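Colleague: Could you take me through this one and tell me what stands behind each term you use?
Modeller: Gladly, here it is.
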Amino acid sequence: MAEVTAPQAAEIIGTSHQTVFRRVEDGTLPARREGIRGYIYIDVGDLERFAKQYNYRFNKSLAKELAK
């Protein structure tokens, strides 16, 4: 499935990178970590569900553009 990085996720839902990081850390937002530095990758579908559940806007066109 398509994924975005934590900073990209923050841009898509209109919040800060720190907020996304905190939500990943507390388990509210599902994500996977990769590499020694623990880069965070978030499934776009999970991000959209999170945004809807917690009343964040979700920029579909930006998500489509940034997702790999």
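Modeller: A polar contact is a pair of N or O atoms within 3.5 Å; within protein, one must be able to donate a hydrogen and the other to accept it, and residues adjacent in sequence count only if both atoms are side-chain atoms. This is a predicted model, where local features need pLDDT of at least 70, side-chain atom pairs count only at pLDDT 80 or more, and totals for chains, interfaces and linings use all residues. Residues are numbered from 1 along each chain as its sequence is written, and side-chain values use heavy atoms, with hydrogens and water left out.

Colleague: What joins the side chains of Glu3 and Arg32?
Modeller: A polar contact of 2.7 Å, since the limit is within 3.5 Å.

Colleague: Why is Glu3 called buried?
Modeller: Its relative accessible area is 16%, and buried means under 20%, exposed over 50%, partly exposed in between (1.4 Å probe, protein chains only), so Glu3 counts as buried.

Colleague: Where does Glu3 lie?
Modeller: In strand β1; strands (E, at least two residues) and helices (H or I, at least four) are DSSP runs, numbered from the N terminus.

Colleague: What makes β1 and β3 a pair?
Modeller: DSSP must find at least two bridges between two strands, and 3 bridges join β1 to β3 (residues 39-43), running antiparallel. Val4 stands opposite Ile42 in β3.

Colleague: Which strand order does the sheet have?
Modeller: This open sheet of 3 strands runs β1-β3-β2, with antiparallel pairing. β1 (3-5) and β2 (32-34) each have a single partner strand, so they stand at the edges.
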